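Student: I'd like to go through the aromatic contacts in this one. Can you take me through them?

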Amino acid sequence: MSDGITHRGNIAQHVQAIPSSGIRRFFDLLASMEGVISLGVGQPDFVTPNHIRQAAIRSIEDGETYYTSNYGLVELRHAISRHLYKLYGVRYDAGTEIIVTAGVSEALNIALQAVIDPGDEVLSPDPGYVAYLPCVVIAGGHYVQVPTRADDSFELHPEEIESRVTPRTKAILFGYPANPTGAVMPRETMLAVAEIARRHNLFVISDEIYDRLVYGTEHVCFSALPGMKERTILLGGFSKAYAMTGWRLAYTCARSELTEAMMKVHQYVMMSAPTPAQFAALEAMVNGEEDVRGMVAEYDRRRQLVVSALNGMGLRCPEPKGAFYAFPQIGASGMNDETFAERLLMEERVAVIPGSAFGEAGAGHVRICYAQRYELLEEAMERMRRFMSRNVSTAK
Ligand code: PLP
């Protein structure tokens, strides 16, 4: 029998190879419980600002219910181009270098599918965003983890990247500010990574969905580094900064040849991003700056509350400089991260995510999303304190 016949009726092997989500089981459990404070899901508690919602409503009332260009609304692409130039000094041509996508989720997939040949290797820091590994595998690639360590706040060491480069390495994929650690990558490290990318002729897929959420530090846009626009696919989005997770809107920026390659995938899997969401995103980009600043200031207040409470109860938590996550070590509890998260949920009704869901290096940590109301965070920290005092004392 030929291979085709042997495998008829089977699920594709590369899809079978994707591990099932460590988080899903947890959310199933959570859905059946009452009185839970969820610090699990990585999304803003804010409703999308009203003027942004109104822009979408207006577009629908005006009958803007058709497909847009495959690239996205031209006004939106111009707005994205102006925005990136203003913030980071990097220039993208609105006609040929930007695609509006259905979330960074789609952007990530079309980027990987455009550059990965079967068996190509993609280097990515561990721990990392849960979708990176599956998306690399779906694109036919091998995901190669680059370990980072809790004792230096999960900094990415460029030499750890370079020592894993092989003739099959095609790209480096990362997201800073980082999910789940909240780490940002300092400019010097970025420059060193850029040098490695240049030396080994690698693409860099830079997921900058959290670019606006930084606290007391700058965000460095990877493609704005000298010579990097040529080899970078920049992914940017609206979900986090503008509280627009449900709208499913984001974008890719890359030189025209790469953009054309991504367009070949985008036009057949998505055609174009949802039209009302594009009108909302245009309003966000043009008039949303004050909203972003207000939300970031509030996240910062919550961040300080959570980090100081965690350290105070013996859960060592370095200061996260970006995104809206804290990633404390939970060793003091005497439990592993899965047991910790499960018992915290059952005993105190606080949901956090076990760190090992984000990769091996995340073991012994939990991810806490502090994009939650301040009073709820206070209550959650009180519950965690109670949990810790009970468990640390029983461990003695
Ligand atoms: N990239 C990172 C690092 C994320 O944390 C998330 C969502 O949590 C995404 C991408 C997906 O974003 P979107 O809502 O734009 O699909």
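Predicted model: local features only at pLDDT ≥ 70, side-chain atom pairs only at ≥ 80, totals over all residues.

Student: How do Tyr299 and Phe324 pair up, then?

Tutor: Tyr299 and Phe324 are arranged edge-to-face, with 5.4 Å centre to centre and 70 degrees between the planes.

Student: And where do Tyr299 and Phe324 lie in the chain?

Tutor: Tyr299 belongs to helix H12, which covers residues 289-312, whereas Phe324 is in the loop between H12 and strand S9 (325-326), so the pair ties together parts that are 25 residues apart in sequence.

Student: Are Tyr299 and Phe324 buried or exposed?

Tutor: Both Tyr299 and Phe324 are buried.

Student: OK, zooming out: how many aromatic pairs does the structure hold?

Tutor: There are 13 aromatic pairs in the structure, and one of them joins Phe238 to Tyr242 in a tilted arrangement, at 5.6 Å centre to centre and 35 degrees between the planes.

Student: Why does Phe238 count as buried, and why does Tyr242?

Tutor: Phe238 counts as buried because its relative accessibility is 0%, and Tyr242 counts as buried because its relative accessibility is 2%, where the cut-off for buried is under 20%.

Student: Switching to charges, what sits over the ring of Tyr85?

Tutor: That is the charged end of Arg91, which is placed 3.8 Å from the centre of the Tyr85 ring.

Student: And which residue lies over the face of Tyr374?

Tutor: Over the face of Tyr374 lies Arg301, at 3.9 Å from the ring centre.

Methods: Residues numbered from 1 in each chain as written. Heavy atoms only, no water. Phe/Tyr/Trp six-rings, centres within 6.5 Å; stacked < 30°, edge-to-face > 60°. Buried < 20%, exposed > 50% of the residue type's maximum accessible area, 1.4 Å probe, protein only. Helix = DSSP H or I, 4+ residues; strand = E, 2+ residues; numbered from the N terminus. Lys NZ or Arg CZ within 6 Å of the ring centre and 35° of its normal.
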